[in-house]
Amino acid sequence: MNIFYEYTCKVSARDTGLYGQCRPSGVLALLQEAATGAACALHISGPELFEQYNALWMVARMWYHLDHPICWGDTVFIRTWHRGGCGAVLYRDFDLFIGDKQVGEAVSSWVLVDASTRKLLRTSKIIANDTTGGTLCKSKLLSKLRLPEELEPAGQRAFHYSDADINGHVNNVKYADAITDAVHLESLLPGHYVSELQIGYLAECRVGESISLSTCNKDGAWYVHGADETGVSRFDGWLTLSAIPQKSP
């Protein structure tokens, strides 16, 4: 049996950036809302896990691919499911639709940690394998990014109150803003859209921290790396651009 959760949302001005496109952080926000709703439906939401197990969900990696840009006013329908717990990692898959047309897909990997120690916990202790997406489950795995050696300094990114979530660390969608700002997406977008994005969340970023960024454009992809003042990697990511498909006459 396939168990999935469905979420529908209209893209608003809050999610939209230049040229009427839903920002990458806006796309991640839609996926985050769908994932939160699915977790609540399975009674494994953040507040429930914290109360019962003193545990937190933390996203490890996030990837999405779009065949078509998502724009202001679009009504996006998302279907999501999880693949079951495997050790400390849980995968969650997504399909995205506008109308009856699938426009993209996404995969995220999550870990469960002790809220006090941040030590990894086994997801199988709280998630039943009969609640997975079954035959819907994707096969894509998210491996660690191999960054090019040609990375060059691209300034600093400070995190403030507006970047934090309920757990006290920088919300995962805010990393997409840091990445797209680092590559100056505003100069790359005319006639194009972000068709693929992956982020690796390597260590927590918190309010008051300033992260050093470095970037590189190689083989048609933009890479971004964020590290703290001691050189410890906090996050990395890459994105690709595609030409906006021409509308049929």
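Visitor: Are Asp 228 and Arg 234 buried or exposed?

Guide: Both Asp 228 and Arg 234 are buried. Keep in mind that this is a predicted model.

Visitor: How do you know that Arg 234 is buried?

Guide: Buried means under 20% relative accessible area. Arg 234 has 10% relative accessibility, so the residue counts as buried.

Visitor: What makes Asp 228 and Arg 234 a salt bridge?

Guide: The cut-off is 4 Å between a side-chain nitrogen of Lys or Arg and a carboxyl oxygen of Asp or Glu. In this pair the closest N and O atoms are 3.2 Å apart. That is within 4 Å, so the name applies.

Visitor: Why is the pair of Glu 209 and Arg 234 called a salt bridge?

Guide: Its closest N and O atoms are 2.8 Å apart. The limit is 4 Å, so this pair qualifies too.

Visitor: What does the pair tie together?

Guide: Glu 209 sits in the loop between strand E8 and strand E9, and Arg 234 in strand E11. The pair therefore ties together parts that are 25 residues apart in sequence.

Visitor: Why is Glu 209 called partly exposed?

Guide: Its relative accessible area is 24%. Buried needs under 20% and exposed needs over 50%, so Glu 209 falls in between.

Visitor: What makes Arg 83 and Asp 93 a salt bridge?

Guide: Their closest N and O atoms are 3.0 Å apart. That is within 4 Å, so the pair counts. Arg 83 lies in strand E3 and Asp 93 in strand E4, 10 residues apart. Both residues are buried.

Visitor: How many salt bridges are there by this rule?

Guide: The count comes to 11.

How values were computed:
Residues are numbered from 1 along each chain as its sequence is written. This is a predicted model: local features need pLDDT of at least 70, side-chain atom pairs count only at pLDDT 80 or more; totals for chains, interfaces and linings use all residues. Side-chain values use heavy atoms; hydrogens and water are left out. Helices (H or I, at least four residues) and strands (E, at least two) are DSSP runs, numbered from the N terminus. Buried means under 20% relative accessible area, exposed over 50%, partly exposed in between (1.4 Å probe, protein chains only).
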